[in-house]
Amino acid sequence: MEPIGERSWKQYYEDERTSRRKELEDRMRQAWDQDDPEVLNVLQKGGALSFPHSYIDTSFDPLLRTVRAIHRSGKKRVLALGVMHYLGDEIPLEFSLDGFRFAMDMARDLFSTDEVPIREEFFFRDDIPLSDTEGIVNYIIGKGREAAPGPDDETAIVMTGDLSHYGHAYGIEDTVPEYESLMKKDVERALMLLWSRKDPIAYLEHARASHNDQAYPALALFGMLKGDLEYRIFDFGIADYAKVLDKPVPSVVASVFYGVNPK
């Protein structure tokens with residue numbers, strides 16, 4: 001992977017997509033007609049698909065499968081829940097949903113698909129102190145319940161998130177060789193706490209400990225979905241950012257593709 005240097009993440013990922021566009025187009029053409037019933041089923045049941053926003057090698061296949069499912073589902077519009085990495089004057093540099101829009105645009109260009117309007121939403125704690133975990137949880141869940149349109153027959157919901165960051169680039173110096181197994185357990189516990197146990201406070205506490213940047217959009221989605229829920233991990237990958245960030249090994253990110261929907 002190429003070092004990020006002085007570029008913003010937004011520019012870094014844009015450069016990556018631009019330089020590899022032909023390869024990505026070929027991959028989309030080859031995969032477009034493949035069946036993916038488990039992924040499609042999530043949207044048909046009124047659930048949401050979650051894809052990573054890591055570099056292309058670990059994010060493009062989840063993006064492709066998400067876009068393909070949206071078009072096969074017959075949904076008329078998309079509600080996309082993003083991760084806010086910057087606040088204040090830096091909001092225009094936000095990048096977490098850029099790959100999704102890129103993949104949607106590519107499908108339109110390659111296959112003359114109908115335009116599907118996308119509405120992006122970003123959720124954050126505003127002025128609630130970080131120490132007020134319960135206050136943050138209630139606020140974000142409430143914002144999710146207010147979001148419209150929520151799940152319905154015509155709206156596909158997608159969101160992004162990198163569910164665990166580990167190693168020297170993320171302030172963890174005392175690392176272990178079995179970090180991939182550790183990260184997978186962290187991801188599985190996070191999904192269990194929120195979607196199965198329905199314990200959003202424990203989920204947010206765990207998200208902070210495991211450097212899970214999906215906490216706020218996931219809590220917002222938790223406010224939108226009703227009834228008993230089920231989730232499924234479709235793909236678990238590790239994105240190595242040591243060379244990108246010029247940091248010691250390991251400096252890694254969990255790139256997870258999963259779905260959650262009402263039972």
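Three helices, α1 (9-19), α4 (56-73) and α5 (98-111), each supply at least two residues of the lining of the largest cavity, where helices are DSSP runs of H or I with at least four residues and strands are runs of E with at least two, numbered from the N terminus. The model is predicted, so that local features need pLDDT of at least 70 and side-chain atom pairs count only at pLDDT 80 or more, while totals for chains, interfaces and linings use all residues. Residues are numbered from 1 along each chain as its sequence is written, and side-chain values use heavy atoms, leaving out hydrogens and water.

A cavity is a set of points on a 1 Å grid over the protein atoms alone where a 1.4 Å probe fits but cannot get out, and its lining residues have an atom within 4 Å of a point. Arg17, His53, Ser54, Ser59 and Gly99 lie nearest the centre of the largest cavity.

| Property of the largest cavity | Value |
|---|---|
| Volume | about 130 Å³ |
| Lining | 16 residues |
| Kinds of lining residue | 8 nonpolar, 5 polar, 3 charged |

Beyond its neighbours within four places in sequence, Leu221 is in contact (heavy atoms within 4.5 Å) with Ala48, Leu81, Ile157, Met159, Trp195 and Val260.

Key. 1 Å grid on protein atoms, 1.4 Å probe; cavity = no way out; pocket = protein on both sides within 12 Å on 5 of 7 lines; lining within 4 Å. Points joined across faces, edges and corners; volume = space filled by probe spheres on them. Nonpolar A, V, L, I, M, F, W, Y, C, P; charged D, E, K, R; others polar.
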